[in-house]
Amino acid sequence: ATAAKLTEETAARERKEAALRETERELAEEAARSVSLAAAAAREQEAAFRASLGAPLGELERAARIFGQARAEIAALRDVTALIYVSQARVLAEEAEEKARALREREEGERQQYADRLVRAGDFFLAGAQSLRNAVVYLESRGAEFEKHEREGSEAISEGSALIAQVRRY
């Protein structure tokens, strides 16, 4: 009777150990699934952020190209077309800055810093637009006031373009 009881206890212990091993295996599988799902969610968030970043980034890049056209028109002494280009670039910069501000409010950490760079690029572009507009006012004289505003506008646009390039590398 004692031997049968011992065999029964051993069999019960072996069943419990097998059940414990099965539970541990299931927990390990669930942990692996959780890690995999977390990684997939992080990839999706990153892709969504990059897509959200792309709209204001593209608009600012277009604005930079249009500012280049405006500066070429200023150099050619064409005030009306220069003002048209400056206005087009300013509108794009305003729209991009608004989108970048909204993105910056939604994000945290490094992503927020990239959105902030776009906001600052927009600020530089808007300051550049104002300076280039002022330069056009003094275009005929080509004097000190013209040179001051043209230089300030070009510098602001260069600063904004440098920030755009940093975000583009992201």
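This is a predicted model: local features need pLDDT of at least 70, side-chain atom pairs count only at pLDDT 80 or more; totals for chains, interfaces and linings use all residues.
Visitor: At what angle do helix 3 and helix 4 pack?

Guide: Helix 3 covers residues 109–137 and helix 4 covers residues 144–169. Their axes are 7 Å apart. The angle between helix 3 and helix 4 is about 160°.

Visitor: Is helix 3 roughly parallel or antiparallel to helix 4?

Guide: Angles over 145 degrees count as roughly antiparallel. Helix 3 and helix 4 pack at about 160°, and therefore their relation is roughly antiparallel.

Visitor: What is the handedness of the crossing of helix 3 with helix 4, and how many residues of each class are in the contact?

Guide: Helix 3 passes helix 4 in a left-handed crossing. Sorted by class, the contact of helix 3 with helix 4 has 14 nonpolar, 8 polar and 5 charged residues.

Visitor: How is helix 1 oriented against helix 4, roughly parallel or antiparallel?

Guide: The axes of helix 1 and helix 4 are 10 Å apart, and the packing angle is about 150°. Angles over 145 degrees count as roughly antiparallel. Helix 1 and helix 4 are therefore roughly antiparallel.

Visitor: Which residues of helix 4 meet helix 1?

Guide: Helix 1 passes helix 4 in a left-handed crossing. By class, their contact has 10 nonpolar, 2 polar and 4 charged residues. From helix 1 come Leu53, Leu57, Leu60, Glu61, Ala64, Phe67, Arg71 and Ile74. In helix 4 they meet Phe146, Glu150, Ser154, Ile157, Ser161, Ile164, Val167 and Arg168.

Visitor: How is helix 1 oriented against helix 3, roughly parallel or antiparallel?

Guide: Helix 1 and helix 3 pack at about 15°, with their axes 11 Å apart. Angles under 35 degrees count as roughly parallel. Helix 1 and helix 3 are therefore roughly parallel.

Visitor: How many nonpolar residues are in the contact of helix 1 with helix 3?

Guide: The crossing of helix 1 with helix 3 is left-handed. Their contact includes 2 polar and 3 charged residues. The nonpolar residues in the contact of helix 1 with helix 3 number 18.

Visitor: Is Phe124 buried or partly exposed?

Guide: Phe124 lies in helix 3, and beyond four places in sequence it touches Ala156, Glu159, Gly160 and Leu163. Buried means under 20% relative accessible area. At 30% relative accessibility, Phe124 counts as partly exposed.

Visitor: What separates the C-alpha atoms of Ala55 and Ala31 in space?

Guide: Ala55 lies in helix 1 and is partly exposed, with a relative accessible area of 35%. Ala55 and Ala31 are 24 residues apart in sequence. From C-alpha to C-alpha, Ala55 and Ala31 are apart by 37 Å.

Visitor: Is Glu107 buried or exposed?

Guide: Glu107 lies in the loop between helix 2 and helix 3. Beyond four places in sequence, Glu107 touches Phe49 and Gln112. Its relative accessible area is 17%, and buried means under 20%. Glu107 is therefore buried.

Visitor: What is phi of Leu77?

Guide: Leu77 is found in the loop between helix 1 and helix 2. Most residues other than glycine have a negative phi. Leu77 has a positive value, near 65°.

Visitor: What is phi of Arg142?

Guide: Arg142 sits in the loop between helix 3 and helix 4. Arg142 is partly exposed, with a relative accessible area of 38%. Its phi is positive in a residue other than glycine, at a value near 50°.

Conventions. Residues are numbered from 1 along each chain as its sequence is written. Side-chain values use heavy atoms; hydrogens and water are left out. Axes are lines fitted to C-alpha atoms, for helices over the stretch in contact, and angles run from 0 to 180 degrees between N-to-C directions. Helices (H or I, at least four residues) and strands (E, at least two) are DSSP runs, numbered from the N terminus. Angles under 35 degrees count as roughly parallel, over 145 as roughly antiparallel, 65 to 115 as roughly perpendicular and the rest as oblique. A crossing is left-handed if the near helix is turned anticlockwise from the far one by less than a right angle, and right-handed if clockwise. Ala, Val, Leu, Ile, Met, Phe, Trp, Tyr, Cys and Pro count as nonpolar, Asp, Glu, Lys and Arg as charged, and the others, Gly among them, as polar. Buried means under 20% relative accessible area, exposed over 50%, partly exposed in between (1.4 Å probe, protein chains only). Contact means heavy atoms within 4.5 Å.
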